[in-house]
Amino acid sequence: MSPRIPLVDLAAAHAEIAHAVQAGFAEVLATTGFVGGPQVAAFEREYAAFAGVKHCVGVANGTDAVELALRAVGVRPGEEVIVPANTFAATAGAVVRAGAEPVFVDCDRSTCLIDVPAALAAIGPATKAIVPVHLYGQLAPVEELRAGLNGLSEAVRSRVRIVEDAAQCQGARRRGRTPGSGPGAIAATSFYPGKNLGAYGDAGAVLTDDEDLAETVRKLGSHGGLAKYAHDIPGVNSRLDALQAVVLRAKLRRLPEWNVARQEAASYYDKLLGGLDGVTVPTVLPGNEHVWHLYTVQVAARDAVLAELEAEGIGAGIHYPVPLHHTGAFATDASFPHAEHIAAHTLSLPLHPHLMREQQETVVAALARALSAPRRRPL
Ligand SMILES: *Cc1c(COP(=O)(O)O)cnc(C)c1O
């Protein structure tokens with residue numbers, strides 16, 4: 001049975017754009033240009049303008065976007081890339097796909113964003129890049145990372161690159177800056193259906209102001225060349241489909257208002273949860289314009305609370321239940337207390353642009369019941 005109040009509502013989003021999607025699909029079907037073409041080029045232009053960067057290169061998914069961005073800045077086999085332990089597995093998986101080794105660091109316990117001093121301290125002779133993840137819809141303090149790097153030796157400063165994982169923050173800004181903007185900057189985003197801007201399947205993009213980096217990514221994703229049968233470098237097949245571009249263009253027109261709806265829903269949750277004992281509401285890092293990909297609270301006995309919410313038809317979620325250094329794929333002996341604490345306590349409440357206030361009140365009432373249920377007293 002699908003939940004009464006789902007975590008995300010893709011059907012409601014589709015209803016708003018169904019006409020535009022049908023018209024766009026008809027056009028693509030008539031021309032049979034399924035990969036690349038005018039829809040993709042138009043989307044790349046429109047998204048670059050929205051995202052405040054000069055170049056948007058569409059790729060097949062967000063994981064590829066991270067991998068190709070890493071490869072474009074020169075990450076090579078045998079090198080290390082610093083990644084927060086509390087992120088989706090794709091961030092670290094992309095590092096491995098680029099041939100490098102992820103080196104995990106902890107995060108800030110209240111914002112859940114990468115711990116900048118820890119990231120700087122983890123830099124070693126093999127470090128080639130750092131991947132701050134703009135988790136849940138707000139930007140990590142990239143400017144602090146940059147300033148920290150600038151304070152290190154010339155050798156480190158010129159070698160270590162910042163590659164932003166911007167999969168969860170479409171439309172977010174930090175002190176006016178957007179991911180991938182500025183000299184040498186590069187960011188990867190995902191248009192997985194559940195993201196703030198979601199396709200009807202897999203899609204992603206790399207964002208940068210740097211023309212050379214953009215061209216390298218485009219080559220890497222297109223068998224190593226820009227023209228047919230030109231293979232300047234070894235590449236892969238990672239391109240954006242025309243049908244996905246149709247959907248993304250239609251949704252992009254709504255995205256500003258959808259992000260505002262998310263912001264309004266987040267402040268209403270803040271208000272409703274303000275007086276509730278046992279719930280820590282999410283922290284917005286000062287200087288951030290948050291776009292609330294996820295609204296994550298922290299509670300004790302999280303799994304029991306989640307089970308009770310599910311029993312009441314509330315589609316809550318966990319992002320993410322296992323920190324990457326505790327997964328089979330990326331196990332290490334290191335311990336990252338904040339990432340572990342967050343993994344054990346984080347709970348994502350339903351949040352999407354079509355969520356209604358009464359639904360939020362229902363969610364919070366159910367959460368209050370779950371928190372005060374007798375079996376939830378200290379075990
Ligand atoms: C969704 C996501 C990705 C990967 O995107 P896909 O399009 O699913 O490959 C990478 N990093 C983060 C933080 C994500 O949330």
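This is a predicted model: local features need pLDDT of at least 70, side-chain atom pairs count only at pLDDT 80 or more; totals for chains, interfaces and linings use all residues.
A disulfide is a covalent bond between the sulfur atoms of two cysteines, and the structure holds zero of them. Cys56 takes part in no disulfide, and the cysteine sulfur nearest to its own, that of Cys169, lies 13 Å away. With a relative accessibility of 3%, Cys56 counts as buried, because the cut-off for that class is under 20%.

Turning to the helices, α10, which spans residues 302–311, packs against α12, which spans residues 357–372, with their axes 9 Å apart and at an angle of about 135 degrees. At that angle α10 is oblique to α12, because only angles over 145 degrees would count as roughly antiparallel, and those from 65 to 115 as roughly perpendicular. The crossing in which α10 passes α12 is right-handed. On the α10 side the contact is made by Val305, Glu308 and Leu309, while α12 contributes Val363, Ala366, Leu367, Arg369, Ala370 and Leu371. Sorted by class, the residues in this contact of α10 with α12 are seven nonpolar and two charged, with no polar ones. The charged class takes in Glu and Arg, so Glu308 of α10 and Arg369 of α12 are the charged residues here.

Methods: Residues are numbered from 1 along each chain as its sequence is written. Side-chain values use heavy atoms; hydrogens and water are left out. A disulfide is a pair of cysteine sulfur atoms within 2.5 Å. Buried means under 20% relative accessible area, exposed over 50%, partly exposed in between (1.4 Å probe, protein chains only). Axes are lines fitted to C-alpha atoms, for helices over the stretch in contact, and angles run from 0 to 180 degrees between N-to-C directions. Helices (H or I, at least four residues) and strands (E, at least two) are DSSP runs, numbered from the N terminus. Angles under 35 degrees count as roughly parallel, over 145 as roughly antiparallel, 65 to 115 as roughly perpendicular and the rest as oblique. A crossing is left-handed if the near helix is turned anticlockwise from the far one by less than a right angle, and right-handed if clockwise. Contact means heavy atoms within 4.5 Å.
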